[in-house]
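Welcome, and thanks for taking a look at this one with us. Here is a short briefing to read alongside the coordinates.

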Amino acid sequence: MQGKINFNAGPAALPPEVLHDAAKAIRKYKNTGLSILELPHRGKEFLEILEESKSLVKKLCNLNDDFEVLWLHGGGRLQFCMVPMNFIGKDPAGYIESGYWAADAIGYARQYGDVQVLASAKDSNYDRLPDWPAKLPKHLSYIHITTNNTIFGTQWHDIPDTTLPLIADMSSDIFSHKLDYNKFSLFYAAAQKNLGTAGVALACIRKDFLAKASGNMPGMLSYKEQVKENSILNTANVFGIYVSLLMLRWIKEKGISTIEKENKKKAQMIYDALDKSSIFTPHVKVKEHRSQMNICFTAKKAQDEKAFLALCESHDITGIQGHRSVGGFRASVYNAVSLEAVEQLVHLMKVYETKNS
Ligand code: PMP
């Protein structure tokens, strides 16, 4: 155990059981006589890890064989590249600009083709979700949304229906609540929040959508090639994917309904404290748009910011500083952050409030 209460946004807290099993596998992987760090990526053991992880993803997302499951390198941002490289065709791509990462994905996509921003919350500094466009263009290669906005703390709790191919960046809320994953033609997630360690990305693609992908790019960047090569076109991130498998087992064991219930409770405790506070204020005022994963807030007076951060550090609470682009605070309460951890943070907020208001 690390001994600190970890609210980092990613790399983020991992369950103690997962850390324990990962450490054990580093010493010796099953009866191979090797560390997981030494296992060949085309060997039997790793192929079993790949198969189990893909099958668990399908089970947890309720996907049938219409989907391909891939483990890729390069985290979230490589998906920002691969999506437009593979799928912007003759029609433009539509993007919903709901936060920092959504805007970043737009910047990457513009390097490959025509992009239309269908809705944006930039003018209000992303303190709410943008309105879903009342009327969508008839022809788009796809619509890209970010289901949870890690830096500003908004989240799409209901995914709007569309007949156009829908692509989602789910890096910061995958497996955090019940969701109809079958709505998407492609969804992806960087692993370092709810799904393991940095560098790995999960991508799930509907086969009929994959058929439309361009093949005109280096194999490493092509979804079709990666599917053909079973995610081991080059040396896979054996350890990273193994940690994701441990996370998937942990999620399955706990159950998404239980995880969702706990996540609601954790977020509610912090938002309730913020809504009642005379010192802190939540970034997102529209309650229905608030994220259950990243809770962003500021101190009304600058001096409280430094002082509260210092108080947290002195109580071994780490990672609640806001993103460098926005400042303030952010408590990331991913699946592995316990209710007790949240109780301690809320308790400290109340202690600070009593002393300083
Ligand atoms: N998308 C979202 C929603 C994110 O939160 C992040 C990183 N925090 C990224 C993409 C980028 O991921 P990476 O750093 O792995 O490229």
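**Helix packing and nonpolar cores**

In this predicted model, helix H8 (residues 256-276) packs with helix H10 (residues 339-356) at an angle of about 5°, their axes lying 9 Å apart. Since angles under 35 degrees count as roughly parallel, H8 and H10 are therefore roughly parallel to each other.

**The H8 and H10 contact**
- On the H8 side, the contact is made by Lys265, Lys266, Met269, Ile270, Ala273 and Leu274.
- H10 contributes Leu339, Val342, Glu343, Leu345, Val346 and Met349.
- Sorted by class, the contact of H8 with H10 has 9 nonpolar residues, 3 charged and no polar ones.

**Nonpolar cores**
- The largest nonpolar core has 56 residues, and Trp71, Ile174, Phe175 and Phe187 have the most contacts inside it.
- Helix H7 (residues 238-254) gives the most to this core, with 10 residues.
- Another core, of 32 residues, lies apart from it and includes Phe87, Ile151, Tyr188 and Leu210.
- Not counting residues up to four places away in sequence, tryptophan 71 touches a set of residues including Leu50, Val57, Leu195, Leu202, Ile241 and Leu248.
- Ser53, Lys54, Ser231 and Ser244 are also among the residues that tryptophan 71 touches.

**A closer look at glycine 75**
- You will find glycine 75 in helix H3 (residues 75-87).
- Is glycine 75 buried or exposed? Its relative accessibility is 7%, so glycine 75 counts as buried.
- Leaving aside neighbours within four places in sequence, glycine 75 is in contact with Ala190, Gly199, Val200 and Ala201.
- Glycine 75 and leucine 202 are 127 residues apart in sequence, yet their C-alpha atoms are 8.4 Å apart in space.

Definitions and conventions: Residues numbered from 1 in each chain as written. Predicted model: local features only at pLDDT ≥ 70, side-chain atom pairs only at ≥ 80, totals over all residues. Heavy atoms only, no water. Axes fitted to C-alpha atoms, helices over the stretch in contact; angles between N-to-C directions. Helix = DSSP H or I, 4+ residues; strand = E, 2+ residues; numbered from the N terminus. Parallel < 35°, antiparallel > 145°, perpendicular 65-115°, else oblique. Contact = heavy atoms within 4.5 Å. Nonpolar A, V, L, I, M, F, W, Y, C, P; charged D, E, K, R; others polar. Core = buried A, V, L, I, M, F, W, Y, C linked by side-chain atoms within 4.5 Å. Buried < 20%, exposed > 50% of the residue type's maximum accessible area, 1.4 Å probe, protein only.
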